[in-house]
Amino acid sequence: MTFSFRDKQLIPIWRKLQHGERLSLEDGLVLFKTNDIIALGKMANFVQQQKSGYAVYFVLNQKIEHTNVCVLSCKFCDFAKKKGEPDAYEMTTENILAHITPEIREVHITGGMPPDWKWERYLDIVRKIHEKFPEADVKAYTAVEIDFFHKKFKLSIEEVLKQLQSAGLRTMPGGGAEIFTERVRKLLFPQKIGAKGYLEVHKTAHKLGIPTNCTMLYGHIETLEERLIHMIKLREAQDETGGFLSFIPLAFQPGDTGISVGDGSASGGKSHRQFTSAIDDLKTIAVSRLMLDNISHIKAYWVMLTEEVASVALNFGADDIDGTVGQERIAHDAGAVSPMKLAKDQIIKIIKDAGKIPVERDAFYNPLNVYSENVIGKIPYLNSVPFYHNREKSAAGGFKILPVAPRRMGMLSKQGQLDAGLFSLMDYFEQEESLELLPWCIATRDQVKSVMLFSKEGWAGLNGKKIGITDETATSVQLLSVLLENKYRVQVIPERLHPGVNDYSMFDAVLLIGDEALKHNKIGLNGFELVFDLAKEWYDWQKLPFVFAVWACRKALSGERREELKEMISTSLEKSEVNLGIIGYSHGKKIGLTKNETKEYLEGFNYRLGEQERKAMMQFRKLLEQKEIKI
Amino acid sequence: MKLLDIIEEVKIGKRINREEGLSLLQKVELLDFGELANEIRYRKNPKQQVTFVVDTNPNYTNICNIDCIFCAFYRHPGEAGEYTYSVDEMIRNFKTAAANGVTTVLLQGGVNPALPFDYYLELVKRTIEEVPEVHPHFFSTSEIIGMSQASEFTIQEVLRKLWDAGLRTIPGGGAEILSDRVKKKISHLKGTSDDWLNVMLEAHKIGYKTTATMMYGHLETDEDIIEHLEVIRQLQDEYHGFTAFIPWSFKPGNTPLHKIIPTYASSTRYLQILALSRIYLDNFDHIQASWFSEGKKIGQVALHFGADDFGGTLYEENVHAEADFVNKTTVAEVIQLIQDSGFTPVQRDTLYNTLKIFEKAEAM
Ligand code: SF4
Ligand code: SF4
């Protein structure tokens, strides 16, 4: 469907978005001020769909507020109590553990800052949860608390984070950002750490391999410009580290928190109005989706937005609805109207009502379960774009696209939660019993440029060395292992890495795939002098193409659905092949490729499963079977 | 027909049929729905304005013998909590409301067989004489049918006598879903779809203006919703007697239907149905957002999905309150809610005449 803009000022912004260009503060103001919220939402939905398709993520989480005793007295906080006040509480580690149940996948810990807790007590909470519930990722302590630990316990921020990390901390929540201007900080949050402190803590965490969330508290005295400055500062920090997983706009909950909202603010100076307007909520979600081009996920925090608005927000650019949430004291004490606990079923319903795919995730946004019919997996790399680009919504027979890293796609398919997908070859081999091969694939002719080993040593020199291996796919890993063992006869120590989060310098070589490999193939990877293209290594050795991925569908899929699927794939591919440079353009641009480079890259693949490709699959399988050591 | 072709038809202002409506309802994504509904909304009402009415919604009796299973409001004669107010008491009630700025009294009650027809006539007459500040917007179709049965006047005669007493508009409640299959299940004593349509038809013939409503989110199918829109569109073609259409979702609390339908219909569904109504009912001037049943926030969003009216301020309301579903507001808040949604609030009367425009500076 085409766009019709009631507000013509949006048209140049839409052009920018279509070309993958970054928006300016002025663009942001136009977006915030428009009355055409439908067009605004459609643009945000467009961008969101490019990032996560129809997926909306949620996590089975438990929020723990270990204490409400706090040495600070922030103006808007109805939560904090002073030690000795009647409803002050402090939870022991045992208390905390008693709140966690085995199905919980993320424990979210934040609280006040009591005067007399020992450092060990904080570490102990993380450690014990991690030990007792290894399935649950610990997301703990806001930047404000980290900074408090740093000052109180006289440890550097890095040291604080390192110790928490070795106790089992996986990620950090984004609270405490408020609004990043000194004006607002001085007026409302004089005791908080401000933009500089907040970003320093988060960037330090990112460098240690701890991804974090970031937030913005809106709907009080801030201006629209200040909201945008806030977003732009986060965008800049993300350019540096890439460690923000998601952005969460938090609607200010007035209650009786003692801020009277003044004139000149974005929310227009109202005294009697209690909560942000739904239009402001939806606009803020949409604008943040459009401004924060480098942050993967935008969260509609239902506890504050209400279930109804959160559900609508899923069509305005949000692709995460948080979780099942246990204790929600901070928001609740200030009068949020949502019920305390949304059961999983209810979350699934909210997401389905919005026409999206409910995807249960872990702390890193790895999908664990998919709760919808008619889902097709999509590898989120540039080389799969030709299969999906020209998929017309109405022609697609109601299939919904879920972008998911190859290894996870294999897992979901094993759980019977996908109808079809472009599978990593290893996953297809493993599930041959239940999958039916379709006549399309991603195969290379001689080189691929997106399955690369970046190394400090030549092949022979890698013997006994540590290799960081992406956990996104098994096929590249197996190809590497076949090459190492059968072609070069060396043994290495493989270790998992999280692309974009780990510090690569701890390895002697790293295997990267997809966009990350493509990017570094162009700009290089600091410290790794040698770059090996695995497909080229294979070709020089076997004189065969290499098949990285194949299309397959569930054997149980009905004939009719299967035909629709084939129709969809072949139509899209044919249309795409006419102009590979253009269809890959905005995706390529994000990883720094020119139109020609994108075109050349995409032309390097064979998308149809022919004789040679089948032969290559057989040969690879034979080598795998002969291989002694499995990675 | 392909979805894209239907969308094109709507854009150029062509009327869509049942099948096309069903296609839209089932296949169009939320924001595309909003975009399409806005095309029509701004064609009909190009101003960036949203109207509202300062009204009250009292009840004169909660005694009823109809037993609708979605209703938490009614009591049987003699049951604890039953009440019937005298005309004097109601007039006092209206006077208080008028003193608080109310201009429309939307009065409905149970179908109480013990009340004589004169009671209703007197209520209308005395309201007009004694509380001229308010416009009486009285009696749902069920009550009118009840009056006819109790008095042995025909529907037409009942309506004529009420008209002569001074009544000019009638609320459109009681339509629920105009499908006899569904009505049999949720309100088997209430009369058929044709009964509702017939009262409306007779009223429009005489010159009454009425609203039309739809309550969904219970046992209806998508097809039932389309049928509902279709029949009221047909009726509207004849006399153009409907001022506005008001869809709302069923609220299950405290009703027997709660056992079958435990949850509220979603906000996305509401916005889709609202947008579909705007698209389908091409002969209706106004579509009303129901902040009261959907919540203030979704009420605001609804203004971008085809609604150009925010409904009433509901000085007094008891029916939903009995289902434990309570939303309250003030005139000042309604003005604020509309402004925050990006529109200029306009206070109107029952017949959609402008009473007062609230430009930014005049916000209370
Ligand atoms: S907002 Fe946080 S830091 Fe401030 S008083 Fe409340 S609990 Fe303490
Ligand atoms: S909805 Fe009206 S007719 Fe039905 S039971 Fe309630 S009061 Fe009576």
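**A walk through the salt bridges and a buried helix**

E202(B) counts as buried at 11% relative accessibility, while K205(B), at 42%, counts as partly exposed. Here buried means under 20% relative accessible area, exposed over 50%, and partly exposed in between (1.4 Å probe, protein chains only). Salt bridges that share partners also join K42(A), K11(B), D32(B) and E35(B) into one network.

This is a predicted model, in which local features need pLDDT of at least 70 and side-chain atom pairs count only at pLDDT 80 or more, whereas totals for chains, interfaces and linings use all residues. Residues are numbered from 1 along each chain as its sequence is written, chains are lettered from A and ligands numbered from 1 in the order in which they are written, and side-chain values use heavy atoms, leaving out hydrogens and water.

Over in chain A, E106(A) forms a salt bridge with R361(A), with the closest N and O atoms 3.8 Å apart. E106(A) sits in strand β3 and R361(A) in strand β10, so the pair ties together parts that are 255 residues apart in sequence. Helices (H or I, at least four residues) and strands (E, at least two) are DSSP runs, numbered from the N terminus.

Finally, look at helix α6 of chain B: 8 of its 11 residues are buried, so the helix is largely enclosed by the rest of the structure.

Terms used. Salt bridge = Lys/Arg side-chain N within 4 Å of Asp/Glu carboxyl O.
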